[in-house]
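I set out below, in the order of my reading, the entries I made on this structure.

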Amino acid sequence: MSEIILNIAGVNKRFGGLQALTDVGVKIAKGQIYGLIGPNGAGKTTFFNVITGLYQPDTGTFELDGKPYSPSAPHAVAKAGIARTFQNIRLFGEMSALENVMVGRHVRTHQGVFGAIFRHKAARQEEAAIRARAQELLDFVGIGQYAERTARFLSYGDQRRLEIARALATEPKLLALDEPAAGMNATEKVALRELLVKIQRTGVTILLIEHDVKLMMGLCDRMSVLEYGKLIAEGLPAEIQKNQAVIDAYLGGAH
Amino acid sequence: MALLTFDTAHKPRQAYTSMAVLLAVMLVFPFVAAQFGNSWVRILDMALLYIMLALGLNIVVGFAGLLDLGYIAFFAVGAYLTGLFASPQFAALLESVVNYHPELQDAIVRTFGEDVRTNGIHLSVWAIVPLAALVAALFGALLGAPTLKLRGDYLAIVTLGFGEIIRIFMNNLNDPINFTNGPQGINLIDPIRIFGVSLAGEAGSRATVYIGGLKLPSVNAYYFLFLLLCIVSIFVTSRLQHSRLGRAWVAIREDEIAAKAMGINTRNVKLLAFSMGASFGGVAGAMFAAFQGFVSPESFALTESIAVLAMVVLGGIGHIPGVVMGGVLLAALPEVLRHVVEPAQQALFGNVVIEAEVLRQLLYGLAMVLIMLNRPAGLWPSPRKEETAPLPPSPRTRKKRAKHERDHPEHRRRE
């Protein structure tokens with residue numbers, strides 16, 4: 001097996017009386033598209049929020065690219081190299097598409113108050129680089145022509161793309177997508193799939209949560225299945241498809 | 001608004017022409033206004049100070065989206081700082097500590113010289129302005145720190161409380177150590193002196209300032225100083241807005257969780273917004289104290305915070321030209337009413353039916369309701385792009401794009 005980019009083990013998370021995650025972990029190899037599936041309420045998004053620092057886990061070990069990282073604050077996680085998108089799109093609605101992506105560059109750039117006011121050479125260069133990179137990323141996800149458009153007036157599919165471009169702007173080692181295909185029609189899903197493969201080719205590892213099992217089966221290199229906060233299966237898509245526990249979880253087995 | 005545009009990114013020529021025209025008008029304005037009496041120029045001076053305040057508050061409320069109802073506190077900090085360090089007040093302070101802490105008094109006298117005992121401290125404007133900006137920024141961060149996890153209504157209530165706390169402190173900080181002289185306020189604050197020229201005019205000059213061979217009334221001299229400060233404020237806030245930090249602020253305003261997930265350290269960036277905004281308030285406060293020659297806690301009541309907030313919201317929250325316009329309208333209109341309404345009523349009815357102050361409140365409320373109903377984003381909001389079809393690219397962009405796509409087939413646009 002190739003190099004491991006994300007290694008997470010033993011995650012427990014409890015909300016009051018509800019054990020949302022029990023001893024969950026994943027190991028993702030570099031350059032893969034890794035899928036996380038499970039029925040509604042299985043704890044996929046909770047796990048996601050724990051990985052990205054939005055929720056504090058009760059226990060768990062976290063390692064990114066061989067180095068331990070602490071998911072104590074989302075901005076620290078982004079800095080460490082995990083970028084995410086949200087299940088219900090969270091763009092900066094009143095900013096232009098380009099500015100949205102430029103915000104993504106924040107964590108990799110440095111200019112402060114002084115640079116902002118005086119715009120000395122280093123500040124101007126950094127700003128130009130931010131802008132150029134942002135436009136490049138918009139072109140990459142295929143919405144370069146809408147750079148100046150206010151984000152909330154973009155179409156739904158383009159908003160999804162914009163969110164991915166914004167996440168890519170943080171130069172992530174791991175891109176975590178929370179249901180990127182939610183609400184998309186068949187054509188849009190095909191386009192999304194192409195985009196994800198394109199991103200994978202640039203060397204970024206992708207962690208994907210999705211409901212659409214068909215999409216996931218063709219796309220993912222490996223996958224895990226969550227049910228009631230527990231991992232019930234892990235393996236290649238073909239193995240998952242035949243796994244009796246997974247079939248029961250999705251179709252409702254005998255309990 | 002069609003005549004004037006300040007969109008330097010898209011229409012640079014028009015924007016710079018508008019600015020030049022506006023500047024020319026602003027430069028001539030006081031001389032015209034002075035024909036009708038110095039009190040008109042005085043109104044303008046105050047309006048300019050309010051514009052500075054509104055620009056500062058716009059950083060906090062407009063850019064970062066942190067609703068601050070106690071902003072006038074920073075104005076108070078700047079004003080009282082000037083009161084303490086540029087007036088005889090420090091002598092009064094020493095007098096109040098002499099009985100409790102003689103050693104403290106000795107230490108102060110040793111540092112500042114024997115003169116402090118009778119005359120107080122008189123720092124020059126060059127020291128006061130940075131000091132006011134710095135101290136107000138510190139207070140901004142200090143008051144911002146406990147509110148970091150609050151937003152919306154809760155943040156508003158807490159900041160409102162802070163604003164009141166500062167005012168009440170100013171009202172009561174005359175005992176045991178007399179910092180602020182309590183409700184009586186600090187008097188005899190030094191006028192601003194630039195290169196030896198007092199902007200209030202020398203004694204016996206009847207408030208006339210002589211600069212070289214030029215002679216102009218004191219209010220006009222202050223007008224130009226405040227105008228300069230306003231221009232600097234506009235420059236600084238617009239540069240901040242179009243920077244990495246400005247984008248981070250707006251990102252927090254739009255969606256704090258997404259901003260965090262994009263790697264923005266929201267705690268630091270919010271504190272920075274609070275202190276940057278506060279520093280404008282501090283400088284405006286220092287100017288106000290020197291201009292009036294007197295500060296008292298009354299000038300820093302909650303209604304003032306609300307007035308400044310109203311300027312930001314009515315003008316166009318987050319949009320600098322809008323905020324400036326809001327400042328001009330709301331700062332100047334009440335004063336204009338005061339000068340116009342009562343004489344007009346005298347002439348019409350022979351007596352004053354509605355006092356200007358009452359009418360002011362009435363119109364304020366009416367303006368708020370009407371604007372919020374008809375233009376909820378303010379009179380002059382930021383422009384937005386919402387066409388369904390993208391703008392056709394210019395021939396130059398098209399050429400550049402074609403070349404780029406030839407060189408980088410992977411960047412080819414999705415049709």
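I began with a term: two strands pair if DSSP finds at least two bridges between them. Helices (H or I, at least four residues) and strands (E, at least two) are DSSP runs, numbered from the N terminus. I noted that this is a predicted model, in which local features need pLDDT of at least 70 and side-chain atom pairs count only at pLDDT 80 or more, while totals for chains, interfaces and linings use all residues. Residues are numbered from 1 along each chain as its sequence is written, and chains are lettered from A and ligands numbered from 1 in the order in which they are written.

**Entry 1: the sheet of chain A**

I looked up the strand order and found an open sheet of 6 strands in chain A, E6-E7-E8-E3-E9-E10, with mixed pairing. Strand E6 (82-84) and E10 of chain A each have a single partner strand, so one side of each is left without a neighbour in the sheet. On average, and with direction ignored, neighbouring strands of this sheet are turned by 20° against each other. For these angles I took axes as lines fitted to C-alpha atoms, for helices over the stretch in contact, with angles running from 0 to 180 degrees between N-to-C directions.

I then examined two strand pairs. Strand E7 (residues 174-178) and strand E8 (residues 205-209) of chain A run parallel and are joined by 5 bridges; Asp178(A) has Ile209(A) as its bridge partner in E8(A). Helix H7 (residues 186-201) of chain A packs on the sheet, where it touches strand E3 (33-37), E7 and E8 of chain A, and its direction makes about 150° with that of E8(A).

Strand E9 (residues 222-227) and strand E10 (residues 230-235) of chain A run antiparallel, also with 5 bridges. Glu227(A) has Lys230(A) as its bridge partner in E10(A). I recorded a hairpin of E9(A) and E10(A) with 2 residues between them, and in its turn Tyr228(A) has a positive phi of about 45°.

Which residue in the loop between E7 and H7 of chain A did I look up? It was Glu179(A), which has a positive phi of about 50°. Glu179(A) is buried, with 20 other C-beta atoms within 10 Å. A residue is buried if 20 or more other C-beta atoms lie within 10 Å of its own, exposed if 12 or fewer, and partly exposed in between, with C-beta atoms placed from the backbone.

Asp23(A) lies in strand E2 (residues 18-29) of chain A, and its phi is positive, near 50°. Asp23(A) is partly exposed, with 14 other C-beta atoms within 10 Å.

**Entry 2: a helix pair in chain A**

Helix H3 (residues 97-104) and helix H6 (residues 156-168) of chain A pack at an angle of about 30°, with their axes 7 Å apart. H3(A) and H6(A) are therefore roughly parallel to each other. Angles under 35 degrees count as roughly parallel, over 145 as roughly antiparallel, 65 to 115 as roughly perpendicular and the rest as oblique.

**Entry 3: where the chains meet**

I counted two residues as in contact if their C-beta atoms, placed from the backbone, lie within 7 Å. On this basis 38 residues of chain A are in contact with 28 residues of chain B. Helix H2 (74-80), H3, helix H4 (113-118) and helix H5 (121-141) of chain A each supply at least two residues of the side that touches chain B.

**Entry 4: chain B**

The secondary structure of chain B comes to 16 helices and 6 strands, and its C-alpha trace spans about 80 × 60 × 45 Å along its principal axes. Of the 415 residues in chain B, 41% are buried.

Helix H3 (residues 72-85) and helix H12 (residues 266-292) of chain B pack at an angle of about 45°, with their axes 6 Å apart. H3(B) and H12(B) are therefore oblique to each other.

Finally, I found a cis peptide bond between Asp175(B) and Pro176(B), with omega about 5°. Pro176(B) lies in the loop between helix H8 (152-172) and strand E3 (193-194) of chain B.
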